[in-house]
Amino acid sequence: MNTINKLLYFFLPMMLLVGCADLDLQPTNMIGEDAVKNDPKLVEAFLTKIYHNTGWETNDQAGKRDGAGTNNTHWRFVDWVVGGEGTLMAPWQEAVKASTAIPTNGGARTSLNYWPYANIRSANEILQILSEATFDPETIKVQSAEAKFMRAFMYLELAKRYGGVPIELVPKQLDASYDELMTPRSTLQATYDQILADCDAAIADLPGTAMSGKATKWAAHALKSRAALYAARIAKYHPQSSDGLTSIPASMANGYYTMSHASASAIIDSGKHPLHTGGGTYQKTYSEVLTKKGNSESIFVVEYDLGLGKTHMHGYFLMPDGFKSGWGSNAHIYEHSVERFDYKDGTPGNKNRGLFNNKAWFDIEEVVYKRDPRYLAKAWTPEEVYAGRSVWYHDRSAGAGTLKGRGGDVVPNRAPSRNRNRGGRLAQNRVPLDGSYEFIPYDGDDSDFVVFRTGEMYLNAAEAAFEIGKPVRAKQLVNAIRNRVGMPAKQVIDLAKIKNERFCELFGENHHLWDLKTWRDAEAELHMRTKWGVKWTRRKSDGMYKARRWKWNFSQNTAFLPKMYWLPIGTAKLADNPNLVENPGY
Amino acid sequence: MNSKNIFRRLFLLAAFLLSTNLIFAQNIISGTVADGEGNPLPGVSIVEKGTSNGTVSDFDGNFQLNVEDGATLMFSYIGYITQEAGASASMNVIMQEDVSRLEEVVVVGYGTQQKKSLTGSVASISGEEINLRPAPNTSQLLMGQAAGLSVRSGSGLPGNDFATIRIRNFEAPLIIVDGIVATFGQVDPNDIENISILKDAAASIYGARAGNGVILITTKRGTDRGRGTKFTYNGTLSMSALTYEPRTIGANDYVNLGFNEQGQDKGDLMPPYLDWDNERMQVYNVVTGEDFVGNDWRDIVYEDWTLQTQHNLSARGRSEDIGYFISIGFTDTESQLRKADYTHERYNIRTNLDMKLNDNLTAQVDMSYFQTTLDKANFDTNAFYTRLNSGKPTYLAEYPDQSYASHTGAASPYSPMYQVRKEFSGSIVNRDNNLRGAISLTYDVPFISGMKITGSLNMETQTEWNKSISKQFPMYTYDPSLSTSSEIYTLYGTYKRDAINVNSDRDMELLPKLTVTYDADWGDNVLNALFVAESTSFKRDYLMGSRTDPLSFEAPYLNYSSRAELDNAEIFSESARKSFVGRVNYSHKDRYLFSATMRADATARYSVEGRWGYFPSLSFGWRISEEDFMKDNSAWNNLKFRASYGIMGNDAVSNFDFLTGYNIANGFYLFNGDPYPIISSAGLANALVTWETMKIANVGLEGTLWDGGLGFELDVFYRLREDILAIPTEGVPFNFGASLPRTNINTRDNRGFDLMLKHQGKIGAVSYEINPMISWARGKYVSWDENILPTEGVDSATAANNALYNARYARTGQWDDLQWGFNTNGFFTSQSQIDSHPVDADNAGNQTVIVGDLIFIDQNGDGIIDWKDQVIVGKGGMPKWNYSTWTKARWGNWSVSALFQGATGYSVNFGGTTSWQGLNSHQSIPTQVAYDNRSIKGANGDIEVLRRFPPANNTGGVPAISNRANDFNRIDAWYLRLKTLNVSYNIPKSVTDKLGLEQLQLYLAGNNVITFDNLGIYHGLYDPEVTGGHQGSYPTTKSWTTGLKINF
């Protein structure tokens, strides 16, 4: 039987091998459901996912790296451009497209949309897990409050875009009835009330201090102050809609203003987050508000860290031509935005408009460098010295001479093309003034993103105080903000002044578009507005400049129709949930 | 007594009974066998009729055999008609070619079959036919080889030049090399014996992975055509160039186009030192040493013609008990970039051994090893092309001092030239190793006649190792008008960072298999049965490490780099599958053929409930020409009718979708500057998720007439693809916050036909063959789960709208390739025309419309342009029609073959906008096209001469409304190209004999020789085979090759 045996030795193992392939494999990156329920560390990791996915900079995702090696969508400065503060280098950039497109019933451009229901469901799931959890009650309380804080933030982002939205507070199950699943839109008032209720719960249970990047009692106050302010403005300035989906009864305005004022004042009065000071110069102090990690004014931030590979690209896009690593000079400020910044002596920001006639020679020290330090901190200016070199803007040089620039460097005949060809004013938001960004790598910016800061709270409180008949309080608050940057105090206050102060203080921080919408000022400010840039000429002999204004061609045709105060829900979502109603005009 | 001796005795007894003839008188006869042209035929089987007594002819066609008096000899050889002849002392037999190749052996799933007994639609391609031109990989060679096979090249970049192959326009087919799933990169074309393409239910035997058809590649083995060794050397030297590339216009035209016609700022067009006046032009001329013609960046980065070399040496033969095929190959493919910055090399070896261990036991031992190395500058193809396309002709690509990297003058000015130079950008090295070993043992069961058992074990390991070294390099602006040399070059910015990333991706696969075959015949009835049990287990381990800022690029290794930013990762995954396969073939009188197969497949990707799938098939063949009523019809050499039906699957659609739980994310979130881990809910799960099911029916008719005067093969098929996974639209709305799990709900289908014709003939001394093929295939959505807008419970106007919307865009019942868009009617040429335009084109009273925008036709006349005005403007990128013709002619020692190949029934989309990104365009429209079709502004600002492209009347403007899909940008395309032309010459035998060679062939082959297409203004700029992404990929290539083939 030798041969048979030999053969069996070969064929039998083969049969065994065929039979033994194990089909009951498990994927290597999963954790079972039950493990999560009873482990606060895993709940914490799930909660961290909500932080990660909330999108605190919703329309401003500048090519972020999140440590996983993945780059997020390349949207940048969308709110900034759509809100008419400035524009970008090229018309194909998403923000410019978003600003020129008129939304249809197909929905708004993706970069404007925000539909975080998956993340809201996660928050609801966590609240459910925590309601049954048996571990440390204090941990349960704080984790629940964090989930509610983030849920409120997401609903506010929804409400400011679409008006009233479907409100989900529990993770529904698949066996729920049709009517239960097809949640209709709540009224805008109910939506804001839900946001404010979550804020109140978060204020009650969140600690006063926490790790940077985590929600605190003060972050919840800040959210409440902003939400209540928006609700109050809508109640006061928007026409009533019959279904209440895009309006709030006017009678509610006072109450919301009062709430906004109270929460903002709570932060201001607590002294936990005083306005940042001590940067040496007004300009530097103000710049540090956004660029110095852990400054006292930061109430809630999203942290970044180059070493850990979590970065964004703001600095890379904002560094001017001549410094950059290859992009840069991407954001250009319109003249009408520049003119809203007064001069240091309190004279109006548009007083020199007549000089821009391409004939008169003037001194930039007077015309440019005497403006509000907040402008100087947030804009690149002609011959601004950065890291020992000058930022050049001049389209051409006149005459002869070898006079060096403000940085003591040799002056080129013409500035680098992207500085001279576009607006002649460049945004510098979030670029620190210390010269550290001279050659910033492609996605190497790790400044934190400030979601809530005390400056906004002063202005929220000021506006609310003014609206509920406390102009003295309003004036004090505005002047406190002005005092921090050395601007002269206002002697009288009115709503226009408060609005302008808000524009200057919060320039480039994703507020203006939503301020215009909630104030119902957007048609007046944005619709088919002529937008101006500047072309500079430098005289070689004495460094004097002349300049002319010119029209920004590709941004001329931006329409803002009344329907655009609210973004469309869109046919896809309406088909998905037949109980929904589209916003008017779509 | 051991069993061996028992079997030996039984065998001897049987042999004795079968060879009773041996006792009669014996004659020794000898002779030669040759083909119709007098060439000796080695390996012809010569058998004394009615006995098992036989031999084969040797290399020179000679044979010798002892036969009985008055015996009849049968001469048979694949590809030739079997002959009978009475034995005589000295025989000279001429074998006639079999025009219908009925005896040819075709590889099918888990075995082989004679062509005459095939019941499925199987195309067979010989290795010799595909090797008429050299190509770096086999995928490129399949073009035009089989009806119903669509092959399209996308890029000619070495290492990234695999063609897209589709059987009958299905998705990617399963590719199997010698029984194991593989890729085209894992086989040297020279090693291929033949390729079979299973187009219908013939693929069913591969079960859950076969739904899109199967390509079987079989490598060469030791020959059984006589003893001895045959060496073959095949060497080629090719010169290749790009087929098409968009050109940049000269500096003068460029400035005219931009400044005069487009109203663009001069500053955007010119480097700072150069202005548009005579004085500055002189500066330019002095600097460049030439007139103001500008430079074409493509001239700087591309070499005109580059070299590819291929060498393959193989030995093939048989000794007493061992048959062997040994091959070694080397391929060096250059790109059109500098050789120092881009090399692609492949080394491969293969050994296929067949051993007879004893009378009943044979073994196969196969081994193959591939090593492919891509070594290139550290550039990303997309970034490279963006910069190349936007490089301004007015800017210098190379400065007088070349150590200063130039910039293009465009918005993102990283010079493409420096991106593709290793000394500036760093390097990327990819090394792929593939090692395969297989051993199988076949036992011819002696006590059950016709039964064989084979046990085999395949092992494979594949390692992809990748290292990228990224260098930060500075770019400079250049201004020769400045005085001091330090100012002439000004640092502009830097590109990239200093960093090193190394990763390795290692796969291991183990595949044991047990096969039992049984062949029997009783008179007119022939039965072949097969049973296979096999399993696969697969493990993958990916490891990555990266750091930044190496201390020095002299030592570019991770451990000598900064620890400040370091990263690493490991990903492990595994999978397994198990299968049982059965097949029964039965034929009656060689006329009626039946085949039935069944496969059971299980994979770990699915839950226990959905894990096992069963895939049966049935097919039938009727050889009409064997029937009595046709047998004597001299016109018909062969006529066969075939029909088949089979069920297959596609299981690569889901991976562990049936599990619930939490996924651990790769990313993290920061608190207090520290990374915190993230887990997220895996979402709702579908425990019953399973594979797609494909049901395919095929009817075929094939025949040969007039001794090869006409051959044809026609197949018509229908495939239903069911259980396509999708998230159900019904059920939960978006506000639920989680989507339903994917469910097997959707259904699509495909239909079409393949027709192959063949004509063989001879005119004088020239024998020739013409082999045209044509095929058509197209798909529909049969039932598609989608949102249907309500037509009830809404007001009548909405209902009518919704009904129209549903009828138009609902997929169910529609062709799957429809492209909707607007018909256009020229451009707006003046503001007054816009102001008086009766149709609202932008839903905002034409406020946002600008001069130069396309005029869309208001199809329904409602005064507003919206979706209702859309019409079908194209058919998608996949050609519905594929056609080709092989023509081969032979005259003495000369032979010529030509392959014309083409396609139609598809559309090519040239960009989303008719305008272009200023002049530093990286949109689809090359400046040459823009210039040739420019419009010219009249004195009053209106456009006087409007040809095709509107002016961007605003700086870098994109007319938003013209962005919509339209018939101006989408071209319904066709093309026809001379894909291959091969002229070869066999050195006369008198010469080769002197050299001691058997055969010496010289050949000249062309690839992509000439092309006709209807791309209109884009003709000559883009390859019609490429249907999208024109601006961001490396073009296809054409080549001329000289080759040398030696047999000795």
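The model is predicted, so local features need pLDDT of at least 70 and side-chain atom pairs count only at pLDDT 80 or more, while totals for chains, interfaces and linings use all residues. Residues are numbered from 1 along each chain as its sequence is written, chains are lettered from A and ligands numbered from 1 in the order in which they are written, and side-chain values use heavy atoms, with hydrogens and water left out.

**Chain A as a whole**

- Chain A contains 23 helices and 14 strands; helices (H or I, at least four residues) and strands (E, at least two) are DSSP runs, numbered from the N terminus.
- Because its radius of gyration of 27 Å is close to the 25 Å that the globule rule gives for 586 residues, chain A is as compact as a globular protein of that length. The radius is taken over C-alpha atoms, and the rule is 2.2 Å times the number of residues to the power 0.38.
- The C-alpha trace of chain A spans about 110 × 75 × 45 Å along its principal axes.
- Of the 586 residues in chain A, 63% are buried, where buried means under 20% relative accessible area (1.4 Å probe, protein chains only).
- Counting contacts (heavy atoms within 4.5 Å) in chain A between residues at least 6 apart in sequence, 71% join residues at least 24 apart.

**Strands and pairing**

- Strands of a sheet pair through backbone hydrogen bonds, either parallel or antiparallel. Here, two strands pair if DSSP finds at least two bridges between them.
- Strand β4 (residues 298-302) of chain A is largely enclosed by the rest of the structure, because five of its five residues are buried.
- Strand β12 (residues 449-453) of chain A runs antiparallel to β4(A), and four bridges join them. F300(A) has F452(A) in β12(A) as its bridge partner.
- Three strands form an open sheet in the order β1(A)-β32(B)-β33(B), with antiparallel pairing. Its edge strands, β1 (30-31) of chain A and β33 (674-681) of chain B, each pair on one side only.
- Seven bridges link β33(B) with strand β32 (residues 662-671) of chain B in the antiparallel sense; I664(B) has I679(B) in β33(B) as its bridge partner.

**The setting of N119(A)**

- N119(A) lies in helix α6 (residues 117-132) of chain A, and its relative accessibility of 4% means that it counts as buried.
- Leaving aside residues up to four places away in sequence, N119(A) touches K49(A), I50(A), N53(A), T54(A) and M154(A).
- R151(A) is 32 residues from N119(A) along the chain, and their C-alpha atoms are separated by 8.3 Å.

Technical notes:
Buried means under 20% relative accessible area, exposed over 50%, partly exposed in between (1.4 Å probe, protein chains only).
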